[in-house]
Amino acid sequence: MTGVYWAASTTGTVVVMQTMTARRATGAHLAVPLVAPLAAAALALALGTVVPLLGPLLIALVIGVAVVNSRLGSHPAIADHGAATRFLLRLGVAALGLRLPFADIVSIGPSGLVVIAATVLATFTGTQYVGRRLGLECGLVTLVATGFSICGAAAIAAVEDTVRARQQHVALAVAMVTIYGSAMIVAVPWLAGVIGLSDGQAAIWAGASIHEVAQVAAASSLIGTSAVALAMTVKLGRVALLAPLSVVLARTTPGAKGATAPLVPWFIVAFVAAVAVRTSGLLPQGVLSVTDVMTTLLLAAGMYGLGMGIRARDLWPMPLQVLTLATISTIIAAGTSLALVLALT
C-alpha cells in the first residue's frame, strides 16, 4: 500500500507540476505578443513630443508599417501580434469615453450637433453609394465608409470582425484613411484661412471632417491653441456615434456576424460606460490625466498593429477604384461639414 501511495503521490505531483508549467507557458505565450506593440507605442509617445505635428498614433502606425516591410517583420515574436493589438486597440477605443463628458457634447450646441450628425450620415451613406457604383466589395466599402465618417483606423478595427472583412481590405482602408487624413492636417487649417473662417468655425470644421483623433489634434493645433479643445470635442462627438453605427452594421451588413454575435461589441459597451463615468465626475483630475496617457498608449499600440497589417506587396499597385472612393469620401466629409459650418455657425 505504501508503494502504491508513493506512486500515486509522485504521479499527482508530476501532474500538478506539468499543469503549472503549462499555465506559465500559456501566460508567457499570451504576454509575448504584447511586448512589441507596447514598446512601439511607448516609442511613438516619446517621438510625439519631438514631432507633435504627426502625433503618437500616426507615428505608431508608421513604425508598424516600417517593421512589417523589413526583415524584422518575419520574426515570430514580432509578427505574432494580431489578437493582442486588436484587443489593445479596442481597449483604447473604450477608454476614449473617459475623455468625453456628456456635458461637453451638449456644450457644442444644437448647431454643432447637427454638423456632427449630418456629416457622419452623409459621409457614411455617400461612401456606401459610391463604393457600390464603383463595383467594390461590400466589406471594403463598409470599412472605408466607417473609417472616413467616424474615427479612422480605430473605427475600421472596431467593425472589421462584424463585417467579416478580409485582411487586405483592412490594410487598404487603413492606408487610405491614413494618407488622406494626414493630408487634411495641413489642408484644413490652410483652407480655413483662405476662406476666412474664425478659429471657432475652423475648429468645428476640423473636428467634423478629419478622419483620425490624432490628426484632428494636430490640425487644430495649427489653427490656434484655443481651437484644440473645441475641435477635439466635435471629433469625440463623432466617435460616440461608433456605438449606434456598430449595432446597425451588425444587423444590416450582408455577410455580417448575425444572431451569434452580441448586439453590441464589448468595447462599445465599455465606451458608453466610460462616458457615464466621466460624466459622473467621480474620477479626480489626477486620475483622468493618467488614464488619458494610458488611452493614447493603448491606441498607439493598436495603431502599430494596424500598421503591421500594411504590407507594400499587398497594396501595390493601388486599385484606382479605392483611390477614387477615398477621394470622394474625403470630399463628402469636408464639403458637407464646411457647408454646415458656414450655414449654422
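Modeller: What follows is a discussion of a predicted model, taken label by label.

Colleague: Let us begin with the salt bridge. What makes the pair Glu137 and Arg166 a salt bridge?

Modeller: The side chains of Glu137 and Arg166 meet at 2.9 Å, N to O. The cut-off is 4 Å between a side-chain nitrogen of Lys or Arg and a carboxyl oxygen of Asp or Glu, so the pair qualifies. The structure holds one salt bridge.

Colleague: Which parts does the pair tie together?

Modeller: Glu137 lies in the loop between α6 and α7, while Arg166 lies in the loop between α8 (152–159) and α9; the pair therefore ties together parts that are 29 residues apart in sequence.

Colleague: Why is Glu137 called partly exposed?

Modeller: The relative accessible area of Glu137 is 44%. Buried requires under 20% and exposed over 50%, so Glu137 falls in between and is partly exposed. Arg166, at 42%, is partly exposed on the same cut-offs.

Colleague: Why does Ser149 count as buried?

Modeller: Ser149 lies in helix α7, and its relative accessibility is 1%. The limit for buried is under 20%, so Ser149 is buried. Leaving aside neighbours within four places in sequence, Ser149 is in contact with Val120, Thr123, Phe124 and Arg238.

Colleague: What makes the approach of Ser149 to Thr146 a polar contact?

Modeller: The side chain of Ser149 reaches the backbone oxygen of Thr146 at 3.4 Å. The limit for such a pair of N or O atoms is 3.5 Å, so the distance lies within it.

Colleague: How is Leu230 classified, buried, partly exposed or exposed?

Modeller: Leu230 belongs to helix α12 (residues 225–240). Its relative accessible area is 28%, which lies between the limits of 20% and 50%, so Leu230 is partly exposed. Beyond neighbours within four places in sequence, Leu230 is in contact with Gly200, Ala203 and Ile204. Leu230 and Gly207 are 23 residues apart in sequence and 7.8 Å apart in space, C-alpha to C-alpha.

Colleague: Finally, how do you know that the span of helix α17 agrees with expectation?

Modeller: Helix α17 (residues 320–344) has 25 residues, which at 1.5 Å a residue should span 36 Å; the end C-alpha atoms are 36 Å apart, so the two agree.

Colleague: Against which helices do the buried residues of α17 pack?

Modeller: The buried residues of α17, among them Val322, Leu325 and Ile332, pack against α6 (109–133), α7 (138–149), α9 (167–195) and α10 (199–209).

Notes. Residues are numbered from 1 along each chain as its sequence is written. This is a predicted model: local features need pLDDT of at least 70, side-chain atom pairs count only at pLDDT 80 or more; totals for chains, interfaces and linings use all residues. Side-chain values use heavy atoms; hydrogens and water are left out. Helices (H or I, at least four residues) and strands (E, at least two) are DSSP runs, numbered from the N terminus. The expected span of a helix is 1.5 Å times one less than its number of residues. Buried means under 20% relative accessible area, exposed over 50%, partly exposed in between (1.4 Å probe, protein chains only). Contact means heavy atoms within 4.5 Å. A polar contact is a pair of N or O atoms within 3.5 Å; within protein, one must be able to donate a hydrogen and the other to accept it, and residues adjacent in sequence count only if both atoms are side-chain atoms.
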